[in-house]
Amino acid sequence: METIVIAGGGAGGLELATRLGDTLGYAGLARIVLLDRWPGHFWKPLLHTVAAGRCDARADALSFAAQAAEHDFEFLRGELLCVDRARRTITLSPADGGDGACRVVGYDKLVLALGAVSHFHGVPGAAEHALTLDDVSGAETFRRRLIAACVHAAEHAAPARLLIVGGGATGVELAAALGQGAGAIAELRITVIERGPRLLPQLHPQQSASAARHLRALGVAVLTSTAVAGVSADVVFDDAGHAHRADLTLWTAGVAAPPLCATLGLAVNQLNQLVVDAGLCSVSDAGIYAFGDCASHVCPVQGAAPPRAQVAHQQAMFLADLLAGRRQGATPPGFRYHDHGTLVSLGAQAS
Ligand SMILES: Cc1cc2nc3c(=O)[nH]c(=O)nc-3n(C[C@H](O)[C@H](O)[C@H](O)COP(=O)(O)OP(=O)(O)OC[C@H]3O[C@@H](n4cnc5c(N)ncnc54)[C@H](O)[C@@H]3O)c2cc1C
C-alpha cells in the first residue's frame with residue numbers, strides 16, 4: 001500500500017491529512033501519515049488573541065491524535081529533521097522529545113506543509129532582541145513578557161513601551177486588541193512602525209486610513225514610511241537615525257520558509273520557499289509536493305500566491321483531489337488561487 005507522509009499539521013497540512021484520510025485512508029487504498037512538532041493544531045490567524053491574553057491556546061487547540069483517530073490517518077509527533085530522497089525516508093526527532101533514538105519513516109509521496117517563520121530582512125539585532133508570533137509558544141512568551149513589562153512599569157510609575165514592527169494585518173490586529181485593554185495593569189504605550197507609506201498595504205487606501213484613525217483613537221502611535229535599521233535590547237533605530245525606546249519589540253514584518261527547506265537539496269527561492277510546479281510538485285523531485293507558506297507557486301497569470309491561510313486551504317483541497325486521483329486527464333489543470341477577500345479584526349469598538 002502506498003504511504004503518503006504529510007509534514008506539518010497547520011492550516012494546510014491538517015486539512016490535507018483529514019481529506020486524504022477520509023478518502024484513501026478510509027478505503028484502505030493508502031496509509032496517510034501526518035507529522036507535527038506539536039500535539040495539537042491552533043489556528044494561526046488567531047495567535048494575536050493569545051498574545052493579547054484573550055484566548056488560551058492550550059484549551060482551544062485541536063488534538064492531532066483525536067483528529068487522526070476520527071479520520072483514518074496516523075499522527076506522529078516529532079520534528080522533521082531531514083529527508084533522504086534516494087531512500088525515500090524522513091528522519092523525525094525522538095518520540096518523547098528526549099534522548100531516545102530518532103525515527104525513520106518511509107514514504108512513497110512526501111508533502112511538505114511546514115509553514116513560515118519570521119523574516120528579519122537582515123536587520124541587525126532583530127533576530128536576537130525582537131519577539132515573534134510564529135507559533136503558540138512565541139505568542140505565550142510575548143504575553144508573559146508583556147505582563148512582566150507592565151508590572152515593572154506599574155512599580156516604577158512609568159509607562160510600558162511596546163513597539164510593533166510591521167503594519168500588516170498581524171501588527172494592526174494586535175495593536176487594536178492591546179490598545180482596547182491598555183491601562184488594565186499599567187499605562188501601555190504602543191507604537192506601530194511601518195516601512196511603507198500606509199498600514200495594511202494589501203487593502204484599499206481608504207481602509208488603511210480608517211485602520212490608522214482607529215488605532216490613533218485607541219492611543220496607538222502609528223509611524224509610516226519609517227524603516228527599522230537596527231534593534232537592541234531596549235531601543236529600535238530607524239533609518240533616519242531616530243532611536244525609539246522599547247521595553248518590548250515585536251517583529252511582524254514579513255515571513256520566509258523555515259531554514260530546513262533550504263537543506264533538502266530541492267530548489268528554493270530567496271525566501272527559502274520550495275519551488276513547485278502547477279501541480280504543487282517540487283521542480284526537483286517528482287515524489288515531493290509542497291504547499292502553503294513554505295512553497296513558492298507562481299501562476300503565469302496571477303503571479304506568486306501570498307502566504308495566507310486561504311491559499312493553504314485551497315491548495316490542500318487541490319492536492320487532496322490530485323493525490324486521490326480525482327484530477328484526471330493528460331494535463332490536469334494546475335492550481336489557481338481565488339482571493340475571497342481579507343478580514344482584519346480591529347475589535348468590537350471599530351467603526
Ligand atoms: C499572527 C498571524 C496572523 C495571521 N492572520 C492571517 C489572516 O488573518 N488571514 C490569512 O489568510 N492568513 C493569516 N496568517 C497567515 C496564515 O496563518 C498562514 O498563511 C497559514 O497558517 C499557512 O498555512 P501552512 O499550512 O502553510 O503553515 P502553518 O499553518 O504555519 O503550519 C505549519 C505547521 O508545520 C509544523 N512544522 C514546521 N516545521 C516543522 C518541522 N520541522 N517538523 C514538524 N513540524 C513542523 C508547525 O508546527 C505547524 O503546525 C496569519 C499568520 C500569523 C502568524
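Ala, Val, Leu, Ile, Met, Phe, Trp, Tyr, Cys and Pro are counted here as nonpolar, Asp, Glu, Lys and Arg as charged, and the others, Gly among them, as polar. The legends below describe a predicted model, in which local features require pLDDT of at least 70 and side-chain atom pairs count only at pLDDT 80 or more, while totals for chains, interfaces and linings use all residues. Residues are numbered from 1 along each chain as its sequence is written, and side-chain values use heavy atoms, with hydrogens and water left out.

**View A. The shell of residues around the ligand.** The ligand is surrounded by 29 residues, a residue being counted if one of its heavy atoms lies within 4 Å of the molecule. The closest are G12, D36, L80, D293 and A309. By class, the shell holds 13 nonpolar, 10 polar and 6 charged residues. Helix α9 provides the largest share of the shell, with 3 residues. Helices (H or I, at least four residues) and strands (E, at least two) are DSSP runs, numbered from the N terminus.

**View B. Polar contacts between the ligand and the protein backbone.** A polar contact is a pair of N or O atoms within 3.5 Å; within protein, one must be able to donate a hydrogen and the other to accept it, and residues adjacent in sequence count only if both atoms are side-chain atoms. A nitrogen atom of the ligand lies 3.3 Å from a polar backbone atom of R37. An oxygen atom of the ligand is 3.2 Å from a polar backbone atom of P307, and an oxygen atom of the ligand is 2.9 Å from a polar backbone atom of A309. Taken alone, the ligand exposes 1000 Å², of which the protein buries 87%; accessible areas come from the Shrake-Rupley method with a 1.4 Å probe, and for residues only the protein chains shown count as cover. The elements that contribute two or more residues to the shell are β2 (30-36) and α9 (309-323).

**View C. The open sheet β6-β7-β8.** Three strands form this open sheet in the order β6-β7-β8, with antiparallel pairing; two strands pair if DSSP finds at least two bridges between them. The edge strands are β6 (80-84) and β8 (103-106), each of which pairs on one side only. Neighbouring strands of the sheet are turned by 25° against each other on average, direction ignored. For such angles, axes are lines fitted to C-alpha atoms, for helices over the stretch in contact, and angles run from 0 to 180 degrees between N-to-C directions. Strand β7 (residues 89-92) is joined to β8 by 4 bridges, and L92 stands opposite R103 in β8.

**View D. Strand β12 and its parallel partners.** Strand β12 (residues 160-165) is largely enclosed by the rest of the structure, because 5 of its 6 residues are buried. Buried means under 20% relative accessible area, exposed over 50%, and partly exposed in between (1.4 Å probe, protein chains only). β12 runs parallel to strand β13 (residues 188-193), to which 6 bridges join it. A further 4 bridges join β12 to strand β18 (residues 248-251), also in the parallel sense. Strands of a sheet pair through backbone hydrogen bonds, either parallel or antiparallel.

**View E. The open sheet β15-β16-β17.** Three strands in the order β15-β16-β17 make up this open sheet, and their pairing is antiparallel. β15 (228-231) and β17 (243-245) stand at the edges with a single partner strand each, so one side of each is left without a neighbour in the sheet. From one strand to the next, the twist averages 25°. β15 pairs with strand β16 (residues 235-238) over 3 bridges, and V236 in β16 is the bridge partner of V231.

**View F. Two loop residues with positive phi.** Most residues other than glycine have a negative phi. D72, which is not a glycine, has a positive phi of about 55°. D72 is found in the loop between α4 (64-70) and β5 (74-77) and is partly exposed, at 37% relative accessibility. H121 likewise has a positive phi, near 55°. H121 lies in the loop between β10 (117-118) and α5 (126-129); its relative accessible area of 39% makes it partly exposed.
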